[in-house]
Amino acid sequence: MASMDDLRQGVSESLPEVNEIKDEELRGQVIEAWAFALSQSEFTRIDQIRGSGVPDSPALKDGTQADHLRGVARIAHGIADGLERIHGDIGIDRDLLWACALCHDVGKPFEFSMRNQARWQNDVAATGFPSIRHSVYGVHVALTVGLPEAVAHTAGAHSAEGEFIKRSLENTLVHDADRAYWATMERAGQLEVDE
Ligand SMILES: [Fe+2]
Ligand SMILES: [Fe+2]
């Protein structure tokens with residue numbers, strides 16, 4: 001079994017953008033969140049997780065969940081770059097945006113775990129299916145490791161769950177970057193399709 005240090009090391013290797021986070025404590029919490037999430041699953045690295053939005057949606061032909069996270073984080077900052085070039089500072093917290101984007105799917109080791117999928121499918125009446133989506137489990141992970149509430153908010157409401165609330169500024173960027181990522185990759189023929 002991988003030690004927590006092995007997991008942390010793997011997270012840093014899978015997500016080099018974590019080094020863009022200037023605040024040392026926040027950077028450490030992002031790494032800790034992923035290491036903790038992995039430790040609660042059979043995965044030992046983010047790049048072992050299927051590159052898809054949910055466990056049974058089309059996956060990247062060439063890429064893993066780590067590439068998705070990196071892409072969303074880069075897209076979110078790209079949107080911020082474009083807006084700031086025209087409008088100047090509009091209040092986007094770049095450090096927080098890196099953390100929110102890199103952690104938006106931190107609940108996926110739990111939802112994508114084949115062990116959990118099999119367990120839930122085995123008795124849907126008892127567990128529901130899925131029992132807890134990655135968005136909701138992501139809130140648990142973020143708060144457990146002491147990440148700011150704003151990061152937990154993004155994990156919990158980057159997805160459809162966010163339609164019931166008002167998203168924060170950084171979460172709005174992550175939500176749109178996430179949608180843009182999947183829509184663009186699908187149209188570019190970068191997702192596996194059922195023939
Ligand atoms: Fe998600
Ligand atoms: Fe995502």
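The model is a predicted one.

I'll start with the whole chain. The protein chain has 10 helices and zero strands. Read from the N terminus, its elements go α-α-α-α-α-α-α-α-α-α. The radius of gyration is 16 Å, and the globule rule gives 16 Å for 195 residues, so the chain is as compact as a globular protein of that length. Its C-alpha trace spans about 55 × 40 × 35 Å along the principal axes. Of the 195 residues, 38% are buried. As for contacts with a separation of 6 or more, 66% of them are between residues 24 or more positions apart.

Now to the helix pairs. Two packed helices are described by the angle between their axes and the distance between the axes. I'll give both for each pair.

Helix α3 covers residues 65-87 and helix α4 covers residues 94-103. Their axes come within 8 Å and cross at roughly 150 degrees. Angles over 145 degrees count as roughly antiparallel, and α3 is therefore roughly antiparallel to α4. The crossing of these two helices is right-handed.

Which residues of α3 and α4 meet? From α3 there are Leu-69, Val-72, Ala-73, Ala-76, His-77 and Ala-80. Across from them, α4 brings Arg-94, Leu-97, Trp-98, Ala-101 and Leu-102. Sorted by class, this contact of α3 with α4 holds nine nonpolar residues, one polar and one charged.

The second pair is α3 and α10, the latter being residues 169-187. Here the axes are 8 Å apart and the packing angle is about 120 degrees. α3 and α10 are therefore oblique to each other. α3 crosses α10 in a right-handed sense.

On the α3 side of this contact are His-68, Gly-71, Val-72, Ile-75, Ala-76, Ile-79 and Ala-80. They meet Leu-173, Val-174, Asp-176, Ala-177, Asp-178, Ala-180 and Tyr-181 of α10. The class count for α3 with α10 is 10 nonpolar, two polar and two charged residues.

One point to look at on the structure: Val-72, Ala-76 and Ala-80 of α3 are among the residues that meet α4, and they are also among those that meet α10.

To recap, α3 packs against α4 at roughly 150 degrees and against α10 at about 120 degrees. The crossing with α4 is right-handed, and so is the crossing with α10. That is what I have on these helices.

Technical notes:
Residues are numbered from 1 along each chain as its sequence is written. Chains are lettered from A and ligands numbered from 1 in the order in which they are written. This is a predicted model: local features need pLDDT of at least 70, side-chain atom pairs count only at pLDDT 80 or more; totals for chains, interfaces and linings use all residues. Axes are lines fitted to C-alpha atoms, for helices over the stretch in contact, and angles run from 0 to 180 degrees between N-to-C directions. Helices (H or I, at least four residues) and strands (E, at least two) are DSSP runs, numbered from the N terminus. Angles under 35 degrees count as roughly parallel, over 145 as roughly antiparallel, 65 to 115 as roughly perpendicular and the rest as oblique. A crossing is left-handed if the near helix is turned anticlockwise from the far one by less than a right angle, and right-handed if clockwise. Two residues are in contact if their C-beta atoms, placed from the backbone, lie within 7 Å. Ala, Val, Leu, Ile, Met, Phe, Trp, Tyr, Cys and Pro count as nonpolar, Asp, Glu, Lys and Arg as charged, and the others, Gly among them, as polar. The radius of gyration is taken over C-alpha atoms; the globule rule is 2.2 Å times the number of residues to the power 0.38. A residue is buried if 20 or more other C-beta atoms lie within 10 Å of its own, exposed if 12 or fewer, and partly exposed in between; C-beta atoms are placed from the backbone.
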